[in-house]
Amino acid sequence: MSSNDLDALLRVTSSTYRGQTPPDIAFGAYEGAVGTLMLAVTGKGIAACSFEPENDVYELLSRHVGRFIGPDARRLDPVRRELDAYFSGRLRAFATPVDLTLATTFARTVLQKTMAVPYGTTTTLEQIGESIGRPRALRAIGNALASNPVCVIVPCHRVVREDGALGDYAGGQSAKQHLLNVERRTATAG
């Protein structure tokens, strides 16, 4: 699906539900300090906050979650406001519920442990492996983090290598470093 096709589909979907039923999945972009994040909110919570291209996220959602996808500011704007507050250092914990529908069962386990990593701190693959009773599953844990559908909000950026190196990140190492810097600055400020 080309970008023009997706834009046309979203315009048609948007005009279709004006004054009627909103889409099952609210879909849109967020422009922030680390680049563009594609957002998707379901009835359960945020299902995507992704660095992946718009078309890729849209197709993944339509295959695994539902086909009635479109813009819905009423559901997207609260997430955008929380992201703004997070990037400015005013928010340490997201209130938006997380919907891990796009993650595998194993990835959900890993991502839930990641959500427990305190703001402004880091952990390692090894520590996550120990905490879930899978100390040798480092590659699988790394893959689960790499496929995190809800970046930033599910803080996989807080997982670093055992030697302290940043390691890989879907948004790139500079984005990961920026997120860690925001948290460290805020955490040390009070």
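Mentor: Gladly, and keep in mind that this model is predicted. Let's take helix α7, which covers residues 173–189.

Trainee: How many residues does α7 have, and what does α7 reach from its first C-alpha to its last?

Mentor: A helix is expected to span 1.5 Å times one less than its number of residues. Helix α7 has 17 residues and reaches 24 Å, close to the 24 Å expected.

Trainee: Which residues of α7 are buried?

Mentor: Here, buried means under 20% relative accessible area, and exposed means over 50%. In α7 the buried set is Ala175, Lys176, Leu179, Leu180, Val182, Glu183 and Thr186. Viewed down the helix axis, these buried residues fall within an arc of 150°, so they line one face of α7.

Trainee: And which residues are exposed on the other side of α7?

Mentor: There you find Ser174, Arg185, Thr188 and Ala189 exposed.

Trainee: What do the buried residues of α7 pack against?

Mentor: Their partners are α3 (73–87) and β6 (159–160).

Trainee: How many helices and strands are there in the protein?

Mentor: The protein has seven helices and six strands. Starting at the N terminus, their order is α-β-β-β-α-β-α-α-β-α-α-β-α.

Trainee: What can I say about the protein as a whole?

Mentor: Of its 190 residues, 46% count as buried. Among contacts between residues at least 6 apart in sequence, 63% join residues at least 24 apart. As for the surface, the protein exposes about 9500 Å², and carbon and sulfur atoms supply 49% of that area.

Note on methods. Residues are numbered from 1 along each chain as its sequence is written. This is a predicted model: local features need pLDDT of at least 70, side-chain atom pairs count only at pLDDT 80 or more; totals for chains, interfaces and linings use all residues. Side-chain values use heavy atoms; hydrogens and water are left out. Helices (H or I, at least four residues) and strands (E, at least two) are DSSP runs, numbered from the N terminus. Buried means under 20% relative accessible area, exposed over 50%, partly exposed in between (1.4 Å probe, protein chains only). The arc is that of the directions from the helix axis to the C-beta atoms. Contact means heavy atoms within 4.5 Å. Accessible areas come from the Shrake-Rupley method with a 1.4 Å probe; for residues, only the protein chains shown count as cover.
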